[in-house]
Amino acid sequence: MSTKAIRGTFLDFIDDPWKHVGDEHAATRFLVDGLLVIEDGIIKDFGPYDALADRWAELEVTEIRDRIIVPGFIDGHIHFPQTRVLGAYGEQLLPWLQKWVFPEERKYADREYAQAGAVRFFDNLLASGTTTIQAFTSSAPVCTEELFEEASRRNMRVIAGITAIDKNAPDWFTISPEEFYAAATEQIERYHGKGRNLYAITPRFAFGATKELLETCRRLKQENPDLWVHTHISENPAEIRGVLAIHDDCTDYLGMYEKYDLVGPKFTGGHGVWLSNDEFRRISDKGAAVTFCPCSNLYLGSGLFRLGRATDPEHRVKLTFGTDMGGGNRFSMLNVLEDAYKVGMLNNTILDGSIVPSEQDLAESERNKLSPFRAFWSITQGGAEALYIDEYVGNFDIGKEADFVALDWTAGPPANAWHASLLVEEGGPQTVEQAGELLFSIMMVSDERAVDETWVAGERLYKKA
């Protein structure tokens, strides 16, 4: 049995900051000098150092100085086989898929290529502070196998599954419903619940799915009710028109997934840029989730996600945040927060009445503002709750897996250390207010350069050189 202790400045969340408008500190747990005790990768104890030091006096303590230690980041929507086409120029969603994505993802049918891609993929994740992902693979079974194998070697928690498409893609890229069912069934038996692996039924999107494929997804969910469902929804206007043309018996995008009994707890629809108010309400009522992917939504010109609508307390939608790499042009969840803040501020202006006074909604306008506490909750405990994995990860509660990130608030552009000295004196943050100001600076200025160390299940897997 391996037991170790980490001493440092910790910040995590015990509630949703959107529930505490005007008092978000009530949702936040901050320890200037804390101790995290880890036994075989699981949090054994956590609290102020002075209160716990005598209890664990026999342990050698690893001290992480001049850093803020937060739970590991959760990326709720990312594409494993798009690593190499990150930053492809000049297209919106559908032509971008045809020109860049399908040809690259095809290469992941080759095991050697997929293995090399998996190493690079997880190296980038850890360097960005991401310790948990919900991922798309490709229509080639080998691609999914190599994702799970590399994740297992690093003991990272992943949710994934073979990604099915049988329409609106080249013949050399599609998979038949029968082939999809056979591959998924074999992989569920092989990977689901083994180590930290979890399996998701993964129709790529409704624009690429025949009714037969979606019926197969329903069958898999009926046979394996504990599985996740991961897909795309209402990302791009042209995509939406195409979906409703294929599934002409549905009046909106969500209705198509509802028709096949896929919407409920453990369902995540990526993007949701153009969801109607009614679709948001139905997602909320069913306990399903949406992933906010601001980097991708901006990069591909898809639109502005209505964060304030999704966080309506009357119909609160479970939210993960995601890079959507490579539609998103970064691996870093800190970059996601940067773009999410900017999207929120644009929506804040649209709703504050300064453009069209008759459309003023001050409450929804305010909910679009991504404070540092709302932001970091969303990529830690909030993301875990939306994915129904908060029994495992998300904060520093005793019994959870010890995934965490040490953030350097002086990292980034040369002027950043000078900027940070305006917020805190030497010795680091002494109050939750100061910690929040530093976290906001990290998400807006430092980006992934702030990630100094990444720990997974109590093991340090990344240390910045």
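Here is a short chat about helix packing, nonpolar cores and one cysteine in a predicted model.

Biologist: What should I know before we start?

Modeller: It's a predicted model, so local features need pLDDT of at least 70 and side-chain atom pairs count only at pLDDT 80 or more, while totals for chains, interfaces and linings use all residues. Residues are numbered from 1 along each chain as its sequence is written, and side-chain values use heavy atoms, with hydrogens and water left out.

Biologist: Okay, at what angle do H4 and H5 pack?

Modeller: About 10 degrees, with the axes of H4 (residues 141–154) and H5 (residues 177–191) 11 Å apart. That makes H4 roughly parallel to H5, as angles under 35 degrees count that way.

Biologist: Which residues make the contact?

Modeller: From H4, Pro141, Thr144, Glu145, Phe148 and Glu149; from H5, Ala183, Gln187, Arg190 and Tyr191. Contact means heavy atoms within 4.5 Å.

Biologist: New topic: how many residues has the largest nonpolar core?

Modeller: It has 114 residues, and Phe121 and Phe180 are among those with the most contacts inside it. Such a core is a set of buried Ala, Val, Leu, Ile, Met, Phe, Trp, Tyr and Cys residues joined through side-chain atoms within 4.5 Å.

Biologist: And what does Phe121 touch?

Modeller: Its partners include Ile78, Phe80, Leu147 and Met325, not counting residues up to four places away in sequence.

Biologist: Where is Cys250, then?

Modeller: Cys250 sits in the loop between helix H7 (237–246) and helix H8 (253–259).

Biologist: Buried or exposed?

Modeller: Cys250 counts as buried, at 13% relative accessibility; buried means under 20% relative accessible area, with a 1.4 Å probe and protein chains only.

Key: Axes fitted to C-alpha atoms, helices over the stretch in contact; angles between N-to-C directions. Helix = DSSP H or I, 4+ residues; strand = E, 2+ residues; numbered from the N terminus. Parallel < 35°, antiparallel > 145°, perpendicular 65-115°, else oblique. Buried < 20%, exposed > 50% of the residue type's maximum accessible area, 1.4 Å probe, protein only.
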